[in-house]
Amino acid sequence: MIEKLLIICVFVGIIHMIETLAYSVRLAGLKTRKLVVALSLFNIIVIVSRTANMVQAPLTGKLGDAVQSKEDLPVLLHQLQTILLAASIGTIAGALLIPSFVSIFSRMISHLEVAGSVPKMMKNIASIHTLEKAKKHVKRPRGIMLSQLRIGGVPKRLLLLNLMATTIYTVGVLSTLYASTLEPTLSKSILMSSGLINGLAMITLAVFVDPQVAILTEKVMKGESTKQSMNKMVGTLVISRLCGTVCAQILLVPAAFYIAWICKLIP
C-alpha cells in the first residue's frame, strides 16, 4: 500500500508541477516573441500531465476500495492528506523551475522553428551535445525574484479567484472519494459529482483568470506594459496556486461532508 501511495504522490506532484509551469509559458512566448508557438509546443508537455492523471486516478480509487469499515477511514484520510501534500510539493518544484523552464523552453521554440515539426525537433535536440548545452540554461531561483513579488498592481480579485479555483480543482476528486466512503449507499452518485466540481474550477479559470492574463500578455507584446508586470503576475499567481493547495488540506474533510449532504438531498 505504501508503494502504491508513493506512486500516486509522484504522479500528482508531476501534474501540479506541469500546471504551475504553465504560467511561465507566456513568459517564454514574450521572450521569443513567438507566443502562439509557445502555447502550441506546451500542449505536448501537457500530454505528460494528462497521462499521469490517467494513471493515478484508478490507483487513487483503489485507496477508497480498501476501506471496509469506519475504522479504516483515518487511514484513508491520512493517505489523501499525503496526496495533497504531494500537490503542494509539486507546485513548489514547478515554481523553482520556472527560470530554467523559461530559458530552456525558449530554446525549444527556436529549435522548432528551424526543424519545422515536433518529431524533427525532438530528433535534433536528442543529441548528447545539445543536452550538454542545455545545462547552461539551468538557472537557480534568486532572492531578488521573491522581493519583486508584491501584490500591488495585480488585481486581488484575480488572485482570490485563482486560489479558489486551485483549491476546488485540487480537493474535488479526493473529497468525493472520501465522501463516498462516508456514505457507501450513495457512493456512485457522489463519485459522479466529481466532474461537476472540477467543472466549476475549470469555468472559473477559463472565464475569470485566463482572460486577464491574456490581456496583460497582449499589452506587453504591444509595449503598453512592462515585462516586469508580467513577471509579477506570474509570480503572484504561482503563490496563490500554492495557497490553494494548502487550503485544499483544510477543506478536504468539510468538503467531503458537504458533498455527501448534497447528494442526500438529490431525490
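A residue counts as buried when its relative accessible area is under 20%. The legends below refer to a predicted model.

**Figure 1. Ser-175 in helix H8.** Ser-175 has a relative accessible area of 0%, and it is therefore buried. The residue belongs to helix H8. A polar atom of the Ser-175 side chain lies 3.2 Å from the backbone oxygen of Leu-252.

**Figure 2. Helix H8 and its kink.** Helix H8 covers residues 156–182. A kink of about 40° is centred on Gly-172. The end C-alpha atoms of H8 are 36 Å apart, which agrees with the 39 Å that its 27 residues should span at 1.5 Å a residue. Of these 27 residues, 19 are buried, so H8 is largely enclosed by the rest of the structure.

Figure 3. Ser-180 is a residue of helix H8. Its relative accessibility is 7%, so Ser-180 counts as buried. Between the C-alpha atoms of Ser-180 and Asp-65 the distance is 10.0 Å, while the two residues are 115 apart in sequence.

**Figure 4. Overview of the protein chain.** The protein chain contains 11 helices and 0 strands. Read from the N terminus, the order of elements is α-α-α-α-α-α-α-α-α-α-α. The chain has 267 residues, and buried residues make up 42% of them.

**Figure 5. Lining of the largest pocket.** The largest pocket holds about 1,200 Å³ of space. Its lining consists of 42 residues, and those closest to the centre are Glu-19, Arg-50, Tyr-169, Met-202 and Arg-241. Sorted by class, the lining comprises 24 nonpolar, 13 polar and 5 charged residues. At least two lining residues come from each of H1 (2–21), H2 (25–32), H3 (35–65), H4 (73–115), H8 (156–182), H10 (194–222) and H11 (227–265). The helix that gives the most is H3, with 11 residues.

**Figure 6. Helix H3 along its length.** The 31 residues of H3 reach 45 Å from the first C-alpha to the last, close to the 45 Å expected at 1.5 Å a residue. H3 has a kink of about 30°, centred on Ile-44. The buried residues of this helix include Leu-41, Phe-42 and Val-46. Further along H3, Ser-49, Ala-52, Gln-56 and Thr-60 are also among the buried residues.

**Figure 7. Leu-35 in helix H3 and Thr-217.** Leu-35 is part of helix H3. With a relative accessible area of 11%, Leu-35 is buried. Along the sequence, Leu-35 and Thr-217 are 182 residues apart; in space, their C-alpha atoms are 9.1 Å apart.

**Figure 8. Arg-33 in the loop between H2 and H3.** Arg-33 is located in the loop that joins H2 and H3. Most residues other than glycine have a negative phi. The phi of Arg-33 is near 60°, which is a positive value in a residue other than glycine. At 44% relative accessibility, Arg-33 is partly exposed, because this class covers the range between under 20% and over 50%.

**Figure 9. Thr-236 in helix H11.** Thr-236 sits in helix H11. The relative accessible area of Thr-236 is 4%, so the residue is buried. Its side chain has a polar atom 2.9 Å from the backbone oxygen of Lys-232. The Thr-236 side chain also reaches the backbone oxygen of Met-233, at 3.0 Å.

Figure 10. Val-154 occupies the loop between helix H7 (143–147) and H8. A relative accessible area of 5% makes Val-154 buried. A separation of 7.7 Å is found between the C-alpha atoms of Val-154 and Lys-232, which are 78 residues apart along the chain. The backbone oxygen of Lys-232 is also the atom that lies 2.9 Å from a polar side-chain atom of Thr-236.

How values were computed:
Residues are numbered from 1 along each chain as its sequence is written. This is a predicted model: local features need pLDDT of at least 70, side-chain atom pairs count only at pLDDT 80 or more; totals for chains, interfaces and linings use all residues. Side-chain values use heavy atoms; hydrogens and water are left out. On a 1 Å grid over the protein atoms alone, a cavity is a set of points where a 1.4 Å probe fits but cannot get out, and a pocket is an open set with protein on both sides within 12 Å along at least five of seven lines; lining residues have an atom within 4 Å of a point. Grid points are joined across faces, edges and corners, and a volume is the space filled by probe spheres set on the points. Helices (H or I, at least four residues) and strands (E, at least two) are DSSP runs, numbered from the N terminus. Ala, Val, Leu, Ile, Met, Phe, Trp, Tyr, Cys and Pro count as nonpolar, Asp, Glu, Lys and Arg as charged, and the others, Gly among them, as polar. The expected span of a helix is 1.5 Å times one less than its number of residues. The bend at a residue is the angle between axes fitted to the seven residues ending there and the seven starting there. Buried means under 20% relative accessible area, exposed over 50%, partly exposed in between (1.4 Å probe, protein chains only). A polar contact is a pair of N or O atoms within 3.5 Å; within protein, one must be able to donate a hydrogen and the other to accept it, and residues adjacent in sequence count only if both atoms are side-chain atoms.
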